[in-house]
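Take a walk through this structure, one part after another. Keep the sequence at hand as you go.

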Amino acid sequence: MKHILLIITAILTLCISCKGKGSVSVSNDPSHDSIAAIDDNRSFEFLKKLGIEYESLIAKDDSLPAPSDRDFLLTTPEQCSLLRGVITSDFTPSDTASAYLVSVRQINDNVILCQYKYLFSDAEDVYIATYDTDGHLIDAMFAGNDWDKSEFAYDLTDSTEFVSVNHTLVYFIGDHEFTHNHEYKEIEHNVNTDKDTTTYSQMASMTCNIEPNGKIDITMEDGYEDGVFRLWRGSDSKVEWKLMNDMLSLTRYPYSDKHVLDRWDDLGNRVDAASVESFDYHFFKYVFLPQPEKVLKWVYDNRDYKSLSLTMPLGFYYRYTPQSRKIIDEAIARLDNPAMQAYYKEMTELWVSNDLYYEKSNSCDVRDRGGQLSPFTELLFMRFLITERLGTTIRSFSSYHKRYKENGQSGLGQSQRFCGFTS
């Protein structure tokens with residue numbers, strides 16, 4: 001009997017030992033980390049409450065997936081809940097655009113990353129954003145458009161096509177660290193042999209770390225260039241291409257980056273007539289619209305010792321459409337500083353009067369008493385001619401900003417308004 005009890009005890013001990021070892025082996029399995037295997041979906045509860053079927057969208061690979069036809073189409077309530085502050089500060093769904101959830105990824109116990117694509121016209125913008133487990137937006141960044149796109153440029157010969165290729169990859173090198181790589185290639189494609197020859201390639205790489213609080217921080221930027229660039233023809237095409245690359249790089253900075261507006265300001269001082277339109281568009285769409293108050297406060301705080309090139313796109317879009325003017329006016333109204341609101345009241349009046357000046361310059365009296373353009377007016381007028389854009393004139397108003405601070409009012413007297421400038 002004792003022998004039987006000993007055998008039973010030994011068997012039970014062995015079973016318990018094996019069970020314990022099995023538990024340890026599962027928990028130590030390197031393939032089951034905090035990203036690849038998510039056993040509890042409590043972190044994604046806010047998506048479930050919105051009615052989003054997120055299970056199939058959980059990213060288990062090292063790279064975020066490229067947008068595809070399998071992405072989850074967001075309804076109007078879902079878009080309003082998730083995309084406000086990502087695409088625009090007060091996002092409103094559009095009848096001419098659609099938004100999709102591409103993937104979700106757990107960064108840590110308190111932070112979730114969502115990847116979106118936003119389709120409008122013939123463009124496909126991609127965004128990534130971080131949220132807490134209650135669904136509150138923490139940070140976001142524009143991640144590029146048309147992640148995989150090949151485009152015919154022109155025929156080199158009867159049998160050879162010149163093709164440009166863009167490819168974007170967001171690759172996680174750790175639970176909370178990723179690289180954003182954008183590759184551009186120029187390829188000669190032989191239609192007879194179906195052979196491709198790369199004549200130029202360029203890679204722009206940015207490494208980002210997602211902090212424990214969900215903020216996205218750039219830790220390194222790198223890139224390379226190989227071959228002879230030749231897509232854009234013309235003596236200044238390489239300069240334009242470099243400026244355009246700088247713009248695109250800055251559009252992909254996280255919204256929380258503390259130095260991005262300084263870099264945009266520096267870039268605004270280097271744009272020329274050929275690239276100013278792209279500068280205005282990219283800054284207004286990818287920087288101002290998601291964070292208008294941040295931009296307005298930066299311009300106000302730097303009004304005395306910066307060139308204020310960031311007022312160019314604001315001035316242009318203030319006159320562009322009633323909708324864009326309304327967006328800027330509403331952002332100004334939300335400012336919690338009366339001095340800022342007074343400053344921008346003067347600024348918006350100046351933008352409108354610039355528009356009046358441009359439209360009626362032939363009939364306006366912009367000459368001094370001697371019948372000549374005053375030096376200040378001539379400078380402004382030449383800036384119009386050089387850039388063919390009104391917004392650039394704002395760089396010339398250094399005295400306006402200086403007097404505004406000193407006197408608490410506009411540096412331009414009523415007699416110095418456009419359509420009636422006096423020297």
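Two residues are in contact when they have heavy atoms within 4.5 Å of each other. With that in mind, start at one residue. Asp146 touches Ala123, Glu124 and Asn166, leaving aside residues up to four places away in sequence. Asp146 sits in the loop between strand E5 (137-145) and E6. Its relative accessible area is 18%. Buried means under 20%, so Asp146 is buried. The backbone has a feature of its own here. Phi of Asp146 is near 50°, a positive value in a residue other than glycine.

Now step back to the whole chain. This is a predicted model. The protein has 423 residues, and buried residues make up 45% of them. Its secondary structure comes to twelve helices and ten strands. Take the contacts with a separation of 6 or more: residues 24 or more positions apart account for 58% of them.

How far does the confidence reach? The average pLDDT of the protein is 76, and 72% of the residues score at least 70. Over residues 1-39 the pLDDT is below 50. Beyond near neighbours in sequence, that stretch has 14 contacts in the model. Residues 356-423 also have a pLDDT below 50. Here the model has 119 contacts beyond near neighbours in sequence. Where pLDDT is low, the predicted coordinates should not be read in detail.

Next come the sheets. Strands of a sheet pair through backbone hydrogen bonds, either parallel or antiparallel. E1 is joined to strand E2 (residues 97-108) by two bridges, and the two run antiparallel. Look at Phe72: its bridge partner in E2 is Leu101.

Strand E9 (residues 195-210) and E10 run antiparallel, joined by eleven bridges. Within that pairing, Ser201 stands opposite Asp226 in E10.

Lys185 lies in strand E8. Lys185 is partly exposed, with a relative accessible area of 27%. Lys185 touches Val163, Ser164, Val165, Thr198, Tyr200 and Ser201, not counting residues up to four places away in sequence. Val163 is 22 residues from Lys185 along the chain, yet their C-alpha atoms are separated by 8.2 Å. Then move to Asp194, in the loop between E8 and E9. Is Asp194 buried or exposed? At 57% relative accessibility, Asp194 counts as exposed. Phi of Asp194 is near 60°, a positive value in a residue other than glycine.

In helix H5 (residues 260-268), the buried residues include Val260, Leu261, Trp264, Asp265, Leu267 and Gly268. These residues cover an arc of only 160° around the axis, which puts them on the same side of H5. What covers them? Among the elements that do so are H4, helix H6 (276-288), helix H7 (292-301) and helix H8 (311-320).

Follow H8 onward to helix H9 (residues 322-333). Two packed helices are described by the angle between their axes and the distance between the axes. The axes of H8 and H9 come within 6 Å and cross at roughly 125°. H8 and H9 are therefore oblique to each other. At their meeting place, Leu314, Tyr317, Tyr318, Arg319 and Tyr320 in H8 meet Ser324, Arg325, Ile328 and Asp329 in H9.

Technical notes. Residues are numbered from 1 along each chain as its sequence is written. This is a predicted model: local features need pLDDT of at least 70, side-chain atom pairs count only at pLDDT 80 or more; totals for chains, interfaces and linings use all residues. Side-chain values use heavy atoms; hydrogens and water are left out. Two strands pair if DSSP finds at least two bridges between them. Helices (H or I, at least four residues) and strands (E, at least two) are DSSP runs, numbered from the N terminus. Buried means under 20% relative accessible area, exposed over 50%, partly exposed in between (1.4 Å probe, protein chains only). pLDDT is the predictor's confidence in each residue, from 0 to 100. The arc is that of the directions from the helix axis to the C-beta atoms. Axes are lines fitted to C-alpha atoms, for helices over the stretch in contact, and angles run from 0 to 180 degrees between N-to-C directions. Angles under 35 degrees count as roughly parallel, over 145 as roughly antiparallel, 65 to 115 as roughly perpendicular and the rest as oblique.
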